[in-house]
Amino acid sequence: MSLTTNRGFPQIFLLTFVVFSVSGVEKLTITPDRGTTLTISRTSSECKVCTVTGRKRQCEASLVLRDSAPVSVELECSKRQEVFDVEIVRNIECTVKSCNGNIILTDSSSPPLLNFNRKFTWNLKATAPKSLKIDFTNTGLRQINPSQECPDKHAYTLKAFRTTESIDMGKYCRTGAITDVQILRQSSFSLEIPAGQKLQSGQFSVSVGDEIKTLARISLTLPQGGSGLELLTPNYPDSFPDDDVMDWHIKVPAKHQTSVQFLNLTQPRCLYKETAMEYHGVGRAAVVVMLNQNQPVQSQGTFSMMLRNCKMDRSRAGSPGLSFAIKLSATKTTSTDPCRVDLRKTPGLSLQIEKLKSASGCEMKQISAIKDNITVLPNSETQLSFQDCLPEDIQVTAMRVIECYKLKDCPKGNIQLSVPQLPSCLLASLTRVTWTFTFPQDGTVEFSSLTAGLRQSLPGQSCNDSIVVKLAEDDGTTIGNFCRQGAIQKVQIHTNMSVSLSCMKSGALKMLTKPLLYACIKNEISERYIFTVSPRKDTPLLLATPGWPLGMKSQSTASWIVNVPPKMDAHIMFPHLTQPKCSKRHTNIKVQALGSREEFYSRREDEEADNEITVSESFYLNMSNCMPERGDFSVFTKITLKKNQLLTIIVSVVAAVLAIFIIVLVAVCVVIRKKKKKLAHQVSIYNPNGTSFLPGYNPRPSDDDDSHVYASIEDSLVYTHLLRKGAEMGIYGEHDAYRSYPGHTDSQKPLVSKDSGPDGVEVSTYQQFQQQPPSLPNRPPSHLKPMVDNEIYQSEEEQGAGLGLRLDPEGGN
């Protein structure tokens, strides 16, 4: 058997010779081709594959051969053909210009290899940003279910490789509509042949592909006449890769149209984004359709289907992924089946069907009458037919009229602005729907969005989803074009007007299954237009005067109610401002606080405008036009929300002051505590029980320690000034200050003198009182003062005057 990889230069893929065969052991000599890897693996642990080098025999579970030198191999097994599989692998790499090989298969019909299951694999690698392309034009391929088998026993498998995963792109058989495949980065293409099956010769060219933005692109050419084929999503029946994109490129024969149907559809729970199929055609706008909706019919020519998966929620057990089968059916466009259109269920709704190409073979009929323009009137039913018509030949628009002539007769409550559902037999999708509002002069129509809001479509900020909401007055004057997903929450208009919903991508309006806006007719307002907006932090809000880039209507007014969140500043700028020369009145730009008459800003056309205004609360932005003599009044406003700087400074200062206060308070507390602790160890307290000790220190006396026993106490140490004064007055006589104490003295006894004074009380010795302590002497009123005012702390003159004749100094009790 041999395989060649260079264009036009066959190379021997491998040579196998049967050397010897005995019961249970088969001996082979294998010479792999250079640049290939040959692997012999087993499916049973009872069998062995061994290599023999000289007298050395080594057996393994599998064998991998890479060198081109001959190798002696022994297969030790009773049922070798059922147990051993052979895989031959070759690598092909592509630069940005070319690839180093093609896929060419030939078979030498060597009997030993025919008896094994064989798999040929080509690992393919592309160079960014290009993809690699495998061409199947000569034979074509068709995709089958992974559980099915190919009639010729040749099953092809395609895989794509991401950084962390391998993606199964499907199983294929020969002869089909698939003409080529383009894959990004790395992929593998393999062919499996069962034991005993000869390899069919063939060639698949490998070349550099396009710069694609999807996982892969599979191209098909549908045959003429009635046909149906099936495609499967990658990894089928398992889930399509998370948050990824896949592309099918399909060519439809002339005068044919193709219907698309999804089978066995399972959809995931999405964290963000949505699953959808996006249709692109040459010369046609793209159409995005949800997977559970009817898919649009595709006309002759080439179109592509792009499958988009969301970011799936796979955290919950049993969460389904995304998988389904795609059934394509191509039929000729000669059908004249009638198409019944009934508008009686939607009051005020009419349809306009227009043939776009007069030279085309499309023929439209209304009740057997051939027409190029068909109008289906409100509250009516009609029958249409289309012969040899393609979707791009027809344009369908819808209009609904909402009118009242007295405010009390106007519809009450909200009016849902929903895209009407039309029968699929109209072929073409709805391209535009318009609602017109006619109401009395004392009325106002108010539009609101319950979810996403609106934003103006301005230069550099076009609508991302291609859906445009156009507001216009009844005379055709444009108020503005708006997109979904914006800060405008409500619009009030005090004049008859219309709302048009259109899209750049055909069929995109079918995606709008919920009302885009709600309308309500209310009492008149003072301005012609009022917009209520809620800017988002750090996201500039761009506003333009009605009619932008043209000027506002003469003597008209417009206001924006701007909601500013607490603790935020609104920075208002006017990057584009044009002023007219007024013949009557003046233009005016005014910024006024919401709910008050305070004006932050006011400028006329003859005054220079400020570069920036800062407002710290919700406000009105009002603009009024004059009667211009020449020129236009148009203003482009930019509003940005930022944190309130003054509040930030105040909070910072308060925080700093508070921090300093806490630090000082802690320091003061520490200092006070240290001082208290120091004083507590220095001040003695007199204890009437006879013990003097320091605060915080209370020593326990031991049996052999007499430090707590006093033989005598010198009164002069306590009452020095009284004794001295008493001596001068002749009250006290001479006596010893200290005497020895003849016996044991309890340290907890009160101090009592041994010597008796005039009252018989002993002095300067410890002695327990055997009786009640002496009563206090009669004192003058001055002695009723607190201790700090008694005679112990008074001056000598005050003591002499207050004491009079005394027999004994007042002491410690």
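A quick definition before you click: a patch here is built from residues with over 30% relative accessible area and no salt bridge, and nonpolar side chains are joined into one when they lie within 5 Å. Keep in mind that this is a predicted model.

**Stop one: the surface.** Select Leu658, Phe661, Ile662, Leu665, Val666 and Val670. Together they make a nonpolar patch on the surface, with about 550 Å² of accessible area. Now pick out Val670, which sits in helix α3, residues 645-680.

**Stop two: the inside.** Next, go for the largest nonpolar core, which has 77 residues. Phe437, Leu501 and Phe619 are the ones with the most contacts inside this core. Centre on Phe437 and show what's around it: beyond its neighbours within four places in sequence, Phe437 is in contact with Ile402, Ile415, Leu417, Val445, Phe447, Asn496, Met497, Val499 and Ala519.

**Stop three: a buried glutamate.** Select Glu446 in strand β38, residues 443-448. With a relative accessible area of 10%, Glu446 is buried. Which side chains make polar contacts with that of Glu446? Look for Gln492 at 3.3 Å and Lys522 at 3.2 Å. Leaving out residues up to four places away in sequence, Glu446 also touches Lys490, Val491, Tyr518, Ala519 and Cys520, among others.

Technical notes: Residues numbered from 1 in each chain as written. Predicted model: local features only at pLDDT ≥ 70, side-chain atom pairs only at ≥ 80, totals over all residues. Heavy atoms only, no water. Patch = residues over 30% accessible without salt bridge, like charges linked within 9 Å, V, L, I, M, F, W, Y side chains within 5 Å. Areas by Shrake-Rupley, 256 points an atom, 1.4 Å probe, with all protein chains shown as cover. Salt bridge = Lys/Arg side-chain N within 4 Å of Asp/Glu carboxyl O. Helix = DSSP H or I, 4+ residues; strand = E, 2+ residues; numbered from the N terminus. Core = buried A, V, L, I, M, F, W, Y, C linked by side-chain atoms within 4.5 Å. Buried < 20%, exposed > 50% of the residue type's maximum accessible area, 1.4 Å probe, protein only. Contact = heavy atoms within 4.5 Å. Polar contact = N/O pair within 3.5 Å; in protein donor to acceptor, adjacent residues only side chain to side chain.
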